[in-house]
Amino acid sequence: MTPFRQRVLLSVRRVPAGRVATYGDIAALAGAPRASRAVGNILRECADPATPCHRIVGAGGALGGFGRNLQLKRELLRAEGIEVGLSRIRGFEAVRWRTRRSAR
DNA sequence: GCATTGACTAGGG
DNA sequence: GCCCTAGCCAATG
């Protein structure tokens, strides 16, 4: 478990239910605004049950990925009150989790 | 230490 | 709105 990875997972846990954050947001909270890609690699494992990795989406509301369970990701988000289109979050800006530091 | 990979992003066609 | 390209980063072999 590398320090960066811990910061990323920690940041993901800070996202409240019913809200979503982008890989870039998480990267920024973890201290590396440009490491959105690396964040994806870390979430790819998604081994920690305490980490709501399904709340992390791509910029602009793109679903992103979820391994072989992208379908599940949509259901989880939908269950939290987030409307998901074919490949996008509906009302993304409205449900996007924002804080002083996550705002670019 | 270099090369490859991937749940990314912004910009252009 | 979709496809491609070029940067960017951490993890892995």
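The report below takes up the pockets, then a helix and its cover, then the nonpolar cores.

## Basis of the model

The structure is a predicted model, and local features are reported at a pLDDT of at least 70, whereas side-chain atom pairs count only at pLDDT 80 or more.

## The largest pocket

The largest pocket has a volume of about 350 Å³. It is lined by 14 residues, of which Leu43, Arg44, Gly65, Phe66 and Gly67 are the closest to its centre.

Two helices, H3 (36-45) and H4 (70-79), each contribute at least two residues to the lining of the largest pocket, and H3 provides the largest share, namely three residues. Sorted by class, this lining consists of seven nonpolar, four polar and three charged residues.

## The second largest pocket

The second largest pocket holds about 200 Å³ of space. Its lining is made up of 15 residues, and those closest to the centre are Gly24, Asp25, Pro33, Arg34 and Arg104.

Helix H2 (residues 23-29) gives the largest share of the lining of the second largest pocket, with four residues. By class, six residues of this lining are nonpolar, five are polar and four are charged.

## The buried side of helix H1

Within helix H1 (residues 3-13), the buried residues are Phe4, Val8, Leu9, Ser11 and Val12. Because they cover an arc of only 160 degrees around the axis, they lie on the same side of H1.

## The nonpolar cores

The largest nonpolar core has 17 residues, and Phe4, Val8, Ile26, Val39, Leu43 and Ile56 are the ones that touch the most other members. Helices H1, H2 and H3 each supply at least two residues of this core.

For Ile26, when its neighbours within four places in sequence are left aside, the contacts are with Val8, Ser11, Val12, Val15, Ala21, Val39 and Ile56.

How values were computed. Residues are numbered from 1 along each chain as its sequence is written. Chains are lettered from A and ligands numbered from 1 in the order in which they are written. Side-chain values use heavy atoms; hydrogens and water are left out. On a 1 Å grid over the protein atoms alone, a cavity is a set of points where a 1.4 Å probe fits but cannot get out, and a pocket is an open set with protein on both sides within 12 Å along at least five of seven lines; lining residues have an atom within 4 Å of a point. Grid points are joined across faces, edges and corners, and a volume is the space filled by probe spheres set on the points. Ala, Val, Leu, Ile, Met, Phe, Trp, Tyr, Cys and Pro count as nonpolar, Asp, Glu, Lys and Arg as charged, and the others, Gly among them, as polar. Buried means under 20% relative accessible area, exposed over 50%, partly exposed in between (1.4 Å probe, protein chains only). The arc is that of the directions from the helix axis to the C-beta atoms. A nonpolar core is a set of buried Ala, Val, Leu, Ile, Met, Phe, Trp, Tyr and Cys residues joined through side-chain atoms within 4.5 Å. Contact means heavy atoms within 4.5 Å.
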